[in-house]
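Visitor: I'd like to walk through this one with you, a few questions at a time. Could you put it up on the screen?

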Amino acid sequence: MKIGICLPYMKPEYDREALFQWCRRIDEGPFHSLSCGERITGYTYDMRVMLSAAAVLTERVRINTTLYVLPMHNAVQVAKEIATLDVLSGGRVDMTIGVGGREKDYQAVGASFYKRHQRMEQQVAEMRSIWAQQPPFEGADPVGPIPLQSGGPKILVGAMGPKSMARCARYADGIYAFSMNGEKHEIDKMFNMADDAWRQAGRDSKPYRLGGFWYTLAQEQAANKLQSYVFDYLQIAGDEIARMVADTMTRHSEAEVMAGLDAMEAAGCEELFMVPATAEIAEVDRLAEIIARR
């Protein structure tokens, strides 16, 4: 199982120096990839800028958008951006997309929250057409640059239910299945749904299996830091639900993180994104030590 790590893009203390340090340690370590998610409201850094910097600061690891809330954006502009990132990274980009669940983020950028699933499918087709150098409309020039990866980067979709799985089976290369606490039975369920959706769609290949979960390896008060992170992230669902979920989070020690890695591998993850609760460099260094011992 290949293991990647998400940059802590929601942490105010994550500054220029920290980004340099994280990218270099990740690139030098036993990691396959690094990623960054997308949020608009709240104290969050811009995913595009973060990954552009990471593409230049690294030489080896894959660069992934986990996840890009595609229906909030213009597909042609996104296709141009991702193609540029692919060139700057030397062909190391993968793209994980999703519809998101934060209506206020859509509102903040003037995008419609409705029919976002249908729009995303259409957008993927449009992006691939742009990457194939088809003009966006009759009489227009093609939109460059041309991605280094033939046909453009691999596209995975963050999906959870049967309807979204069936939809992404028509156009995606795989799925991103996220289990908040790294639970095998949750990932098993989502991967089984994806396999069924791919078969029903008549696909010859199986979906690429990307997983993820929240963790911390902070040196002090790790449990509190993980639970606080999860509570803040889930407040969109209300304080009661956020607290209930936060209190169930256990991946805040070396033993628990190791158990989570084992569970995800047993569930069939081909690649796993670890999402840290803090911006402490220990999240990278201690995780690298655990991976080296597996």
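Predicted model: local features only at pLDDT ≥ 70, side-chain atom pairs only at ≥ 80, totals over all residues.

Visitor: Which residues does Leu51 touch, not counting residues up to four places away in sequence?

Guide: Ile40 makes a handy reference point here: it is eleven residues from Leu51 along the chain, and their C-alpha atoms are separated by 16 Å. As for actual touching, with those close sequence neighbours left out, the residues are Leu34, Ser35, Cys36, Ile63, Asn64, Thr65 and Leu85.

Visitor: Then how far from Cys23 is the nearest cysteine sulfur?

Guide: Cys23 is in no disulfide, and the nearest cysteine sulfur belongs to Cys36. Cys23 also counts as buried, because its relative accessibility is 0%. The distance to that sulfur of Cys36 is 9.8 Å.

Visitor: What about Cys269: which cysteine has the nearest sulfur?

Guide: Cys269 is in no disulfide either, with the nearest cysteine sulfur 15 Å away. Cys269 is buried too, at a relative accessible area of 6%. The cysteine with that nearest sulfur is Cys168.

Visitor: Let's zoom out. How many helices and strands does the chain have?

Guide: Counting DSSP runs from one end to the other, there are eleven helices and eight strands.

Visitor: And how does the radius of gyration compare with the globule rule?

Guide: For 294 residues, the globule rule gives 19 Å. The chain is close to that, so it is as compact as a globular protein of that length. Along the principal axes, the C-alpha atoms fill a box of roughly 60 × 40 × 35 Å. The radius of gyration itself is 19 Å.

Visitor: What share of the contacts joins residues at least 24 apart?

Guide: As background, 53% of the 294 residues count as buried. For contacts, take those between residues at least 6 apart in sequence. Among them, the share joining residues at least 24 apart is 75%.

Visitor: How far apart do the centres of the positive and negative side chains lie?

Guide: The chain has 33 positive and 39 negative side chains. Its accessible surface comes to about 13200 Å², with 51% of that belonging to carbon and sulfur atoms. The centres of the two charge sets lie 4 Å apart.

Visitor: On to the backbone. What kind of peptide bond joins Thr66 and Leu67?

Guide: Leu67 lies in strand S3, residues 62–69. At the bond between Thr66 and Leu67, omega is about -5°. That makes the bond cis.

Visitor: Where is Pro145 found?

Guide: Pro145 is also joined by a cis peptide bond, in this case to Gly144, with omega about 0°. Its location is the loop between helix H5 (116–131) and strand S5 (155–158).

Visitor: What is the phi of Gln133?

Guide: The place of Gln133 is in the loop between H5 and S5. Gln133 is partly exposed, with a relative accessible area of 25%. Although Gln133 is not a glycine, its phi is positive, at about 70°.

Visitor: And Gln221: is it buried or exposed?

Guide: Gln221 also has a positive phi without being a glycine, about 50°. It sits in the loop between strand S7 (208–215) and helix H8 (222–234). The cut-off for exposed is over 50%. At a relative accessible area of 59%, Gln221 is exposed.

Visitor: Which residues does Ile130 touch, not counting residues up to four places away in sequence?

Guide: Ile130 lies in helix H5 and is buried, with a relative accessible area of 2%. With its close sequence neighbours left out, the residues touched are Val76, Ala79, Pro136 and Val143.

Visitor: Last one: which residues is Arg286 in contact with, leaving aside neighbours within four places in sequence?

Guide: The place of Arg286 is in helix H11, residues 282–293. Arg286 is buried, at a relative accessible area of 19%. Its contacts beyond those neighbours are Leu217, Ala218, Gln219 and Glu254.

Key: Residues numbered from 1 in each chain as written. Heavy atoms only, no water. Disulfide = S-S within 2.5 Å. Buried < 20%, exposed > 50% of the residue type's maximum accessible area, 1.4 Å probe, protein only. Helix = DSSP H or I, 4+ residues; strand = E, 2+ residues; numbered from the N terminus. Rg over C-alpha atoms; globule rule 2.2 N^0.38 Å. Contact = heavy atoms within 4.5 Å. Areas by Shrake-Rupley, 256 points an atom, 1.4 Å probe, with all protein chains shown as cover. Lys, Arg positive; Asp, Glu negative; His and termini not counted. Charge placed at Lys NZ, Arg CZ, Asp CG, Glu CD.
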